Amino acid sequence: MAMPKESMGSPGHCALPKPEETAIFLEKATKLSRRVFEVITVGEIPKNDAGKVLYKKLEELP
C-alpha cells in the first residue's frame, strides 16, 4: 500500500497502516471477503538462519 510521504515520519521509520485499512485494501485488491482472511500486526516475520519464512511460527502468532 503506497503511503503519502508526509505520513512516513523520520528516516528509517514509517507509519504502518491500521489493520482495518489493510483489510479494506486487500478486500478490494483480491476481491475476497474479509471473512476469509485475518490481518494482524507482527513486530517481525519469523525466519530461519537461511532467511526463509517460518510459516508454522506465523500460524502460532496471536
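Predicted model: local features only at pLDDT ≥ 70, side-chain atom pairs only at ≥ 80, totals over all residues.
Me: What span does H1 reach from its first C-alpha to its last?

Reply: The expected span of a helix is 1.5 Å times one less than its number of residues. H1 has 12 residues and reaches 16 Å, close to the 16 Å expected.

Me: What comes just after H1?

Reply: Here is the general idea: most residues other than glycine have a negative phi. Just after H1 comes Lys31, with a positive phi of about 65°, although Lys31 is not a glycine. Lys31 belongs to the loop between H1 and H2 and counts as exposed because its relative accessibility is 71%.

Me: Now for charges. How many salt bridges does the count come to?

Reply: Side chains of opposite charge can pair when their charged atoms come close. The rule for a salt bridge asks for a side-chain nitrogen of Lys or Arg within 4 Å of a carboxyl oxygen of Asp or Glu. By this rule the count is 2. In one of them, Arg34 pairs with Glu20, and the closest N and O atoms are 2.5 Å apart. Arg34 lies in the loop between H1 and H2 and Glu20 in helix H1, so this pair ties together parts that are 14 residues apart in sequence. Arg34 also meets Glu27 in a salt bridge, at 3.0 Å from N to O.

Me: Which residues are linked in a network of salt bridges?

Reply: Glu20, Glu27 and Arg34 are linked in that way. Arg34 is partly exposed at 32% relative accessibility, and Glu20 is partly exposed too, with a relative accessible area of 45%.

Me: Let's turn to contacts. Which residues does Leu26 touch, leaving aside neighbours within four places in sequence?

Reply: Contact means heavy atoms within 4.5 Å. Leu26, which sits in helix H1, is in contact with Lys31, Phe37 and Val39. The C-alpha atoms of Leu26 and Val39 are 9.3 Å apart in space, while the two residues are 13 apart in sequence. Leu26 counts as partly exposed, at 31% relative accessibility.

Me: And which residues does Leu32 touch?

Reply: Not counting residues up to four places away in sequence, Leu32 touches Glu27 and Phe37. Leu32 is placed in the loop between H1 and H2 and is partly exposed at 44% relative accessibility.

Me: What share of contacts in the protein between residues at least 6 apart in sequence joins residues at least 24 apart?

Reply: That share is 6%.

Me: Last topic: the surface. Which residues form a nonpolar patch?

Reply: Patches are made of residues with over 30% relative accessible area and no salt bridge: like charges are joined within 9 Å, and nonpolar side chains (Val, Leu, Ile, Met, Phe, Trp, Tyr) within 5 Å. Ile40, Val42, Ile45 and Leu61 form one, with about 280 Å² of accessible area together. Accessible areas come from the Shrake-Rupley method with a 1.4 Å probe, and for residues only the protein chains shown count as cover. Ile40 lies in the loop between H1 and H2 and is partly exposed at 38%. Ile45 lies in that loop as well and is partly exposed at 44%. Leaving aside its neighbours within four places in sequence, Ile45 is in contact with Val53 and Leu58.

Me: What is the accessible surface of the protein?

Reply: The accessible surface is about 5,700 Å², and 59% of that belongs to carbon and sulfur atoms. Of the 62 residues, 3% are buried.

Definitions and conventions. Residues numbered from 1 in each chain as written. Heavy atoms only, no water. Helix = DSSP H or I, 4+ residues; strand = E, 2+ residues; numbered from the N terminus. Buried < 20%, exposed > 50% of the residue type's maximum accessible area, 1.4 Å probe, protein only.
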